[in-house]
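Please read the following briefing alongside the sequence and the three-dimensional view.

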Amino acid sequence: MLEKPAPVVKKPAPPEERPARVTAKPAAPTAAPPTAPPEVKEPVPPPVLKVVKIPETITVKELSGKLGSSPSELIKKLMKMGIMATVNQNLKPELVKQVAVKLGFDVEVVPVEVEEGVTEVEDPTQLRPRPPVVTVMGHVDHGKTSLLDAIRHTEVIAEEVGGITQHIGAHEVELPRDPATKFPGGRVVFLDTPGHEAFTAMRARGAHVTDVVVLVVAADDGVMPQTIEAINHAKDANVPILVAVNKIDKPGADPTRVKQQLTEYGLIPEDWGGQTIFVEVSAKKRIGIENLLEMLLLQAEIMELKANPFKPAKAVAIEAKLDRGRGPVATVLVHQGTLKVGEVFVVGNKYGRVRALVDGKGRKIQEAGPSAPVEVLGLSGVPSAGDTLVVVADERKARQVAMVRQRQQRDDAFAAQRRLTLEDLHERIKEGEVKELRIVLKGDVQGSIEPLRESLERLSAQEVKLRVIHSGVGGINESDVMLGSASNGIVLGFNVRPDPKAQRLADQVGVEIRVYSVIYEAVAEIREAMEGMLEPQYVERAMGRAEVRATFGVPRFGTVAGCYVSEGKVFRDATVRLIRDSRVAHQGKIASLRRFKEDVREVQSGYECGIGLLNFSDIKVGDIIEAYELVPVAPKLQPMQSSQ
């Protein structure tokens, strides 16, 4: 029987003898297509924020409406930013921008102003001559209103209580052309003011509406306190002055004495070589009235007064009242443009639509051009004297602007108006806000005022000028405070005190009142305040002198000088200079001062010590170390250079 052969078992080959596994590769194409460039991904632009225009002041409720969210959602956003706000609270523009970005909006702050075109260049082809606006000023009972009566042939003085003007009035006078005398003719607008209070109030609000001031001085009384105040007000406003010497028909009249008195205040007549026009008149007997009007028109012709009557009207409220039958009424003086019935306007923080225009003779008119005084009916409230009236496009915009201004006025009421004080005079000078210190000076007697005024005016320096814009005898009254407010000055009283009304007004408008009883104390305090404006000067004072006799190297410090103090004292941390061969080799500070390996505060003359200088090691034997200090010295005012 045959045996079956044993099965042959194949042993696996070692790794190095195993045939390599052949993987099937796809056949390479005969012509490879060109490889496309890698795709470049453009950066995704940030999302475009929708721009929303907002006014300078806006409440949370108003902002939520513009951003399309609810007030509660907006308040939550503000709370997450750490700000607690109510629905009617005003938000600052910076805060509004932060909130708007979180809600996907961008904010553009639009100034809440309505004077479009004010900054535009005026087209000279549209300018037309306009009548001059004349303000009549002077002392009480010197004949201001009587002079206006003689000019306009009316009897207003009889209607005034006690014969004294109680309110401001504006009147337009038409002067016919006279071919025989070649009188130019034309219109003149006169403002009759109660003294100068309204004039100052309008200037304090930035309203400069007067072109010429007619200063009425009685020939028998001469220059009086209110006459001086009127001069100072007109000069401070840079308005030309024409002097009307009234009451020349009275027995004690002396026009020459009036001229002599006014020369002390810089009003020199033309026939005396000056530039001030003097006209002698008598309002009661109508003497010299034509000459006065001719001089006014001549002055207006020289000034070349022009305005554009074709643009939207701008006017200034010179008087406002609440009439029982007609409601709020404002007497305005049109500055430029033409005001028409039916136009919508904003005046201060009030608005309205012109319901009627009434001229100075009580006639209703349809429009009023430049320099025309008219009464405006149709206001939402009574504005303040000096507020600017501007015509706007529609009533919605007028209401919005008025509301914003009312809120702004409420906000400003909490912040005191920043006025000039002696304490902050230095900072204000450095900021460039003040170049002139203006003073309203009141005293008990004229004999004290004159030397005090001369002493104060001598303090004027090259850095800052001191000017006494008004001085008078008597207590400090509201008029003095108003002048200080309008001129951003301070009120000084010598042996007089402010009355309660003046003190309350000063506290309200932020005018500083200083009261003195000794002349040299007042002058010294003003000088100290003015000198405090100057940068301090420094004078070097020697402290000690040390000779370097040996040097030592100290690890991690540098060179230490072994010195002998020959003069004075050497203090630690003192400012020193190192002198070598009579030249300054280094200036710096003492870093260490030691005696016998102990730190000391000072070393006196005749002792040895070790001195290390701060950040300086090039010390050699024979060098001299001088210690000194810079002592501030109060600077002195440099007197004004003579123009001669």
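**Helix α1 and what follows it**

In helix α1, which spans residues 60-67, the buried residues include V60, L63, S64 and L67. Viewed down the axis of α1, the buried residues fall within an arc of 100°, so they line one face of the helix. The model described here is a predicted one.

- On the other side of α1, K61 and G65 are exposed.

- F552 has its place in strand β26, which covers residues 537-554.
- Is F552 buried, partly exposed or exposed? Its relative accessible area is 48%, and F552 therefore counts as partly exposed, because that class lies between the 20% limit for buried and the 50% limit for exposed.

**The nonpolar cores**

- The largest nonpolar core has 24 residues, of which L147, I151, F190, L242, L292 and L296 touch the most other members.
- Among the elements that give two or more residues to this core are the helices α4 (144-152) and α8 (289-303), together with strands such as β6 (133-138), β8 (186-192) and β10 (241-246).
- The element that gives the most to this core is α8, with 6 residues.
- When its neighbours within four places in sequence are left aside, L296 is in contact with V134, F190, V212, V214 and L242.
- Another core, of 20 residues, lies apart from the largest one, and among its members are A546, V570, L593 and I619.

Terms used: Residues are numbered from 1 along each chain as its sequence is written. This is a predicted model: local features need pLDDT of at least 70, side-chain atom pairs count only at pLDDT 80 or more; totals for chains, interfaces and linings use all residues. Side-chain values use heavy atoms; hydrogens and water are left out. Buried means under 20% relative accessible area, exposed over 50%, partly exposed in between (1.4 Å probe, protein chains only). Helices (H or I, at least four residues) and strands (E, at least two) are DSSP runs, numbered from the N terminus. The arc is that of the directions from the helix axis to the C-beta atoms. A nonpolar core is a set of buried Ala, Val, Leu, Ile, Met, Phe, Trp, Tyr and Cys residues joined through side-chain atoms within 4.5 Å. Contact means heavy atoms within 4.5 Å.
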